[in-house]
Amino acid sequence: MTSIIVNVAVGVIKKNNALFICKRANDQHQGGLWEFPGGKIEAGESVFRALKRELQEEIGITIFSSSELLTIKHDYDDKTVKLNVHVVSNFSGEAHGAEGQDNAWVSIDELDNYEFPAANVDIISAIKAKYI
Ligand SMILES: Nc1nc2c([nH]c(=O)n2[C@@H]2O[C@H](COP(=O)(O)OP(=O)(O)OP(=O)(O)O)[C@@H](O)[C@H]2O)c(=O)[nH]1
Ligand SMILES: [Mg+2]
């Protein structure tokens with residue numbers, strides 16, 4: 001058990017019927033697994049503000065709005081994360097691996113072919129349930 005809670009902004013980037021996913025670097029927490037891009041929320045930052053900053057840094061897009069999908073609190077052995085997951089379809093720029101990370105546009109059905117961190121099971125269920 002740990003008392004550290006990491007507050008994270010996560011973006012499900014949607015264009016037509018495809019979602020943009022990235023592969024986490026091996027030296028990161030949950031490294032080598034696929035993710036929805038995003039990152040840690042800084043002190044005093046809103047989820048949207050953090051998402052805008054992280055998506056600019058990690059995948060080179062500028063987002064104009066986002067809509068809340070769900071919030072998940074998940075305990076890993078080494079830390080607890082609170083994932084504030086938003087859907088983003090209103091953005092400019094071409095999503096790419098701006099930090100050199102592998103990436104892919106995938107359909108909802110294709111998500112099952114990629115391995116995600118344990119916390120993401122609920123994100124993928126929510127995506128499927130809502131057909132976002
Ligand atoms: N971005 C992202 N993080 C996730 C997902 N699922 C999940 O458990 N996490 C966890 O959320 C935490 C924070 O995300 P992050 O590592 O992207 O944070 P960051 O971009 O600020 O990274 P940095 O600390 O290397 O600068 C990590 O512990 C990561 O394992 C996901 O789908 N996307
Ligand atoms: Mg990140």
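Reader: Does N16 count as buried or exposed?

Author: N16 counts as exposed, at 66% relative accessibility; the classes are buried under 20% relative accessible area, exposed over 50% and partly exposed in between (1.4 Å probe, protein chains only). This is a predicted model, in which local features need pLDDT of at least 70 and side-chain atom pairs pLDDT 80 or more, while totals for chains, interfaces and linings use all residues. Residues are numbered from 1 along each chain as its sequence is written, chains are lettered from A and ligands numbered from 1 in the order written, and side-chain values use heavy atoms, without hydrogens and water.

Reader: Now the strands. How many bridges join β1 to β6, and in what direction do the two run?

Author: Two strands pair if DSSP finds at least two bridges between them. Strand β1 (residues 5-15) and strand β6 (residues 80-92) run parallel and are joined by nine bridges. V10, for instance, has V85 in β6 as its bridge partner. Strand β5 (residues 62-75) runs antiparallel to β6, with eleven bridges joining the two. On β6, N90 stands opposite S65.

Reader: Which residues of α2 are buried?

Author: An α-helix has 3.6 residues a turn, so residues three or four places apart point the same way. In α2, the buried residues are I123, I124, A126 and I127. These residues lie on the same side of α2, because they cover an arc of only 160° around the axis, taken from the directions from the helix axis to the C-beta atoms. V121 and A129, on the other side of α2, are exposed. The cover over the buried residues of α2 includes β1, β2 (18-23), β5 and β6.

Reader: Which residues have the most contacts inside the largest nonpolar core?

Author: A nonpolar core is a set of buried Ala, Val, Leu, Ile, Met, Phe, Trp, Tyr and Cys residues joined through side-chain atoms within 4.5 Å. The largest one has 26 residues, and F36, L83, L111, I123 and I127 have the most contacts inside it. At least two residues of this core come from each of β1, β2, β5, β6, β7 and α2. A second, separate core has 14 residues, including F20, I41, I59 and I61.

Reader: What does F36 touch?

Author: Contact means heavy atoms within 4.5 Å. Leaving out residues up to four places away in sequence, F36 touches V10, G11, V12, F20, I21, L111, F116, N120, I123, I124 and I127. F36 is buried, with a relative accessible area of 2%.

Reader: How many aromatic pairs does the structure hold?

Author: Three. Rings of Phe, Tyr and Trp (its six-membered ring) pair if their centres lie within 6.5 Å; planes under 30 degrees apart count as stacked, over 60 as edge-to-face and the rest as tilted. One of the pairs is W34 with Y114, edge-to-face at 4.9 Å centre to centre and 75° between the planes. W34 lies in strand β3 (residues 34-35) and Y114 in the loop between β7 (103-106) and α2 (121-130), so the pair ties together parts 80 residues apart in sequence. W34 is buried at 13% relative accessibility, whereas Y114 is partly exposed at 26%. F36 and F116 form a stacked pair, 5.3 Å centre to centre with 15° between the planes. F36 is in the loop between β3 and β4 (38-40) and F116 in the loop between β7 and α2, 80 residues apart. F116 is buried, with a relative accessible area of 12%.

Note on methods
Helix = DSSP H or I, 4+ residues; strand = E, 2+ residues; numbered from the N terminus.
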